[in-house]
Every structure is written in structure tokens, then in C-alpha cells.
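Have a look at the charged side chains before reading on.

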Amino acid sequence: MSNDIKCILVDVDHVLISQVEEVDAELGDPNCKLTNPVVFESLEKMKPLVEASKDTVFMIRSEDILTIADPTSEVIEKYKELTQ
């Protein structure tokens with residue numbers, strides 16, 4: 001994985017848009033770094049993953065990701081507006 005903006009399906013109804021970077025970790029430890037993750041419900045409804053936190057980097061285990069896909073150009077544009 002590179003540091004590209006991706007759609008991340010973390011469960012059937014939860015899609016995140018985030019910069020994703022794979023990092024070295026011990027077996028079972030979080031090994032994917034999500035930078036500026038937002039919860040995607042629609043183009044008009046995207047919000048920070050944890051609204052109560054000022055943190056912009058979160059760790060997740062790759063085992064907790066169902067799939068990763070490339071977002072549309074419209075989603076990338078909206079994501080950049082929200083995170084820059």
C-alpha cells in the first residue's frame with residue numbers, strides 16, 4: 001500500500017476515505033496508518049472519523065479491512081477540501 005487516498009470498507013456499512021500507508025508491526029498489532037480519515041456517507045455527508053479528537057493519524061490492523069478501492073475523482077476532490 002502506498003500513501004494514496006483510498007476508499008476503505010471496514011464493515012458492510014462503513015466506508016472511510018483516507019490516506020493509507022502500510023507500516024511494519026508485530027503480528028496482530030495495527031499495521032495500517034490512516035491519515036485524515038473521514039467517514040463517507042455521501043459526497044455531501046463526509047465527517048472526521050473521530051470528531052471528538054484533534055488527532056489526524058489513526059492505526060488499524062489490515063485484518064480489520066474488508067477491501068480497499070480507488071475513490072472517484074469527485075470523492076477525492078471533496079476529501080481534499082475537508083482535510084486541507
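1. A quick definition before anything else: partly exposed means a relative accessible area between the buried class, under 20%, and the exposed class, over 50%. Asp64, at 34% relative accessibility, therefore counts as partly exposed. Bear in mind that this is a predicted model.

2. Asp64 has a charged partner, Arg61, and the two form a salt bridge whose closest N and O atoms are 2.9 Å apart. Arg61 is partly exposed as well, its relative accessible area being 31%.

3. How many salt bridges does a search of the whole structure find? It turns up four. I'll go through two others below.

4. Take Lys33 and Glu21: they form a salt bridge, with 3.4 Å between the closest N and O atoms. Lys33 sits in strand β3 (residues 32-42) and Glu21 in strand β2 (residues 14-22), so this pair ties together parts that are 12 residues apart in sequence. I'd point this one out in a figure.

5. Glu41 has a relative accessible area of 45%, so it falls in the partly exposed class. Lys45 is also partly exposed, with a value of 48%, and the cut-off for exposed is over 50%.

Notes: Residues numbered from 1 in each chain as written. Predicted model: local features only at pLDDT ≥ 70, side-chain atom pairs only at ≥ 80, totals over all residues. Heavy atoms only, no water. Salt bridge = Lys/Arg side-chain N within 4 Å of Asp/Glu carboxyl O. Helix = DSSP H or I, 4+ residues; strand = E, 2+ residues; numbered from the N terminus. Buried < 20%, exposed > 50% of the residue type's maximum accessible area, 1.4 Å probe, protein only.
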